[in-house]
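Trainee: Please take me closely through one part of this model, the place where one chain meets the other. I would like to follow it from the overall contact down to individual residues.

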There are 2 protein chains.
Amino acid sequence: MIVNNSLDEVKKRENALSIIKDWVLNKSRESLYDLTGLSGGFIASPSEINLLETYVGPAIFEEELQKVGIEHMGGEKVLPLNRTSSGILATILTLVGENTNVVHYLAELPAHPSIPRSCKLVNANYSETDNFDEFSIPENTSLVVITGSTMDHKVIDLDNFKRVIEMAHEKDIPVMVDDASGARLRTVVFNQPKACDLGADISITSTDKLMPGPRGGLMAGRSDLIDEIKVKVNQFGLEAQPPAILAMLNGIKNFNGENLIRSFDRKDDFLTLLNQNFTNFKATPTGVMITPGDLASELKVSHNLSDNDVAYVFSFILLKEHGIITIPPVSMPGASATIRFDLSTSDAFNLDLDDLNKKIVSSFNNLKKLVINEDKCREIVFTS
Amino acid sequence: MIVNNSLDEVKKRENALSIIKDWVLNKSRESLYDLTGLSGGFIASPSEINLLETYVGPAIFEEELQKVGIEHMGGEKVLPLNRTSSGILATILTLVGENTNVVHYLAELPAHPSIPRSCKLVNANYSETDNFDEFSIPENTSLVVITGSTMDHKVIDLDNFKRVIEMAHEKDIPVMVDDASGARLRTVVFNQPKACDLGADISITSTDKLMPGPRGGLMAGRSDLIDEIKVKVNQFGLEAQPPAILAMLNGIKNFNGENLIRSFDRKDDFLTLLNQNFTNFKATPTGVMITPGDLASELKVSHNLSDNDVAYVFSFILLKEHGIITIPPVSMPGASATIRFDLSTSDAFNLDLDDLNKKIVSSFNNLKKLVINEDKCREIVFTS
């Protein structure tokens, strides 16, 4: 056994961080491919960074974000937030009173936990359903919530979307759309209209999901509601800070719908390529993955490593030899050792899939030679 | 009248933003002096910015912040937050139950509004006092709050500070210190110990106050409590994002206690210098200020401008001729036209006070010539 306990997990992580830090400093950021799907974008020019630390820089970026954000999201006004969850909290603090009802329709359960949690905080009654026929809006409802596409990228049916908004507006109840990934997935890939154009009063998207922006939330919608929500946002410190606002602006400007469509196609092409040499890779919403057990069963060599160790050694070979970052080397203790190659990230857009496939095959061949030598495996995982 | 309504205020602001943007792009950031006291620091090297958008960059900065943050704040662990207000919210969400008491001692009323507001959110009973003899801890108290130094930089008496912590701990009640500016003001200028070293269970500081860091909050204290609070922080999106964490790290590293002490002395020196030519400048906690009325009464020329217009024209002369940014040119509609020169900002550390005084005197002499010509005044305020 190589990675045996939390301490080993911390050690392998520190080794990975040090490898990556050295790579950026001594080689280049461009030759490193972060395919974790977990990294926030931060596009900023040196002169923008200089402007950032003046009083006016943030104001300039925020004003530009009004224009660019409304183009991306629709609505009358946008409000940049520290996270989509903070925007959901602020909306519920503003619009939902104690003992009122909040009802939520989404294509597939469960909803993002920040919605029920925020309702609980204000003592509201929350209910959610993915069965449209069961969906109804009871008396004393303060907010109707719709999820545009779920965490697993399941997209709402457009007719149901429209119908829920109609039902809410017939009773003069505001509609908040959790469009975390949906603001791009629904519109670009599924050709649906923007949530605000469908009549949503408030819509929120995650600026790090399916676009090269930073972790953060961008709210769009009716001016009057956003002005009210902004009061709560400032009171409780939920707003996005200037560097994030700059990165949101550049993230939206650099968002390329064709790349997004292409990454969905590329995922299938990539799986086809991998299937020439492997049998156990599986598709994810935005890429491919292989579990430690599945990876180990691809190895037709006898060895003494655990399945997780096989995954760690393989992912460290990918990192050290090819600068390909996946989650297992860098994850926190307790995380799964499943290896994912996410193709929706900006680094992935520049990757030639044939080339990536060759690097994976070559790393796998090295893995076969290494697994029989536990000392060498230990070295690659713990020593940079 | 020059600046007559909200639309004029928007126009003068847009003009100021455009002047400053051009200055940074065509001259340099170094020749611009932001003395608003409102700008957040963002110190970051190009290689750090590159690391920022990898999955590991944030992890590297966060790990380094643990070390540097504990040196600055004391305690067992630190937690970077989107704002000090978000940290206060998270602490109260975690530690304060419905119908329990929260009592707050501070050197001078009122407390920062985020404290009573967060208590109200969880339906707790909140009380605050600046009279130490009146301070007591009733039964059923869940949290004791202490403010290290107030928004006006009034610093708590050290004996009272220690006594309140003792009283709380005698009853096993945790103590949260709002040390927004105090973490530096109390320790560096007033030689008091760090809040955690005095026994505080949780202490929070604002990383943009009296140090060259970004807008944000840094919490320090007991590991077990911070781990609990972190759960709420992540659930509701209250954590600092990676660019802010990087800037906090560099802000603390670039914090210079001697500069801070010097800015307090310099404020008095500066007022003495200004008093050679003016009679109405006044000291603020971190610099000097003059109200529109006081500025107008310094003018011994007859003119038709309002007091506010005089302040706008003067502050635009400072900006256009000397690159000195004060609040009036860049403020949002409705803000006061009082001119403040804040000496606690990093830009101010590089300023020679004699030189700054000369620039103010020269701008004032130009103001005297300009006020009699309303068209020229209009031009300087509205045309870059």
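Mentor: Between chain A and chain B there are 14 residue pairs in polar contact, counted with both partners at pLDDT 80 or more; a polar contact is a pair of N or O atoms within 3.5 Å, where within protein one atom must be able to donate a hydrogen and the other to accept it, and residues adjacent in sequence count only if both atoms are side-chain atoms. This is a predicted model, in which local features need pLDDT of at least 70 and side-chain atom pairs count only at pLDDT 80 or more, whereas totals for chains, interfaces and linings use all residues. Residues are numbered from 1 along each chain as its sequence is written, chains are lettered from A and ligands numbered from 1 in the order in which they are written, and side-chain values use heavy atoms, with hydrogens and water left out.

Chain A and chain B each bring 48 residues to the contact, which means heavy atoms within 4.5 Å. Together they bury about 4800 Å², with 63% of it on carbon and sulfur atoms; buried area is the accessible area (1.4 Å probe) that two parts lose on being put together, summed over both.

Charged pairs also cross this interface, where six salt bridges are found, each being a side-chain nitrogen of Lys or Arg within 4 Å of a carboxyl oxygen of Asp or Glu. One of the pairs between the chains is B:E239 with A:R83, whose closest N and O atoms are 2.7 Å apart. Because B:E239 sits in the loop between α8 (223–235) and α9 (242–253) of chain B, while A:R83 sits in the loop between β2 (77–81) and α4 (84–95) of chain A, this pair joins two chains. A further salt bridge links B:E63 to A:R13, with 2.5 Å between the closest N and O atoms.

On the side of chain A that touches chain B, the elements giving two or more residues are α1 (6–26), α2 (46–52), α3 (56–73), α4, α5 (114–121) and α8 (223–236) of chain A; helices (H or I, at least four residues) and strands (E, at least two) are DSSP runs, numbered from the N terminus. Of these, α1(A) supplies the largest share, six residues. By class, that side of chain A has 21 nonpolar, 17 polar and ten charged residues, where Ala, Val, Leu, Ile, Met, Phe, Trp, Tyr, Cys and Pro count as nonpolar, Asp, Glu, Lys and Arg as charged, and the others, Gly among them, as polar.
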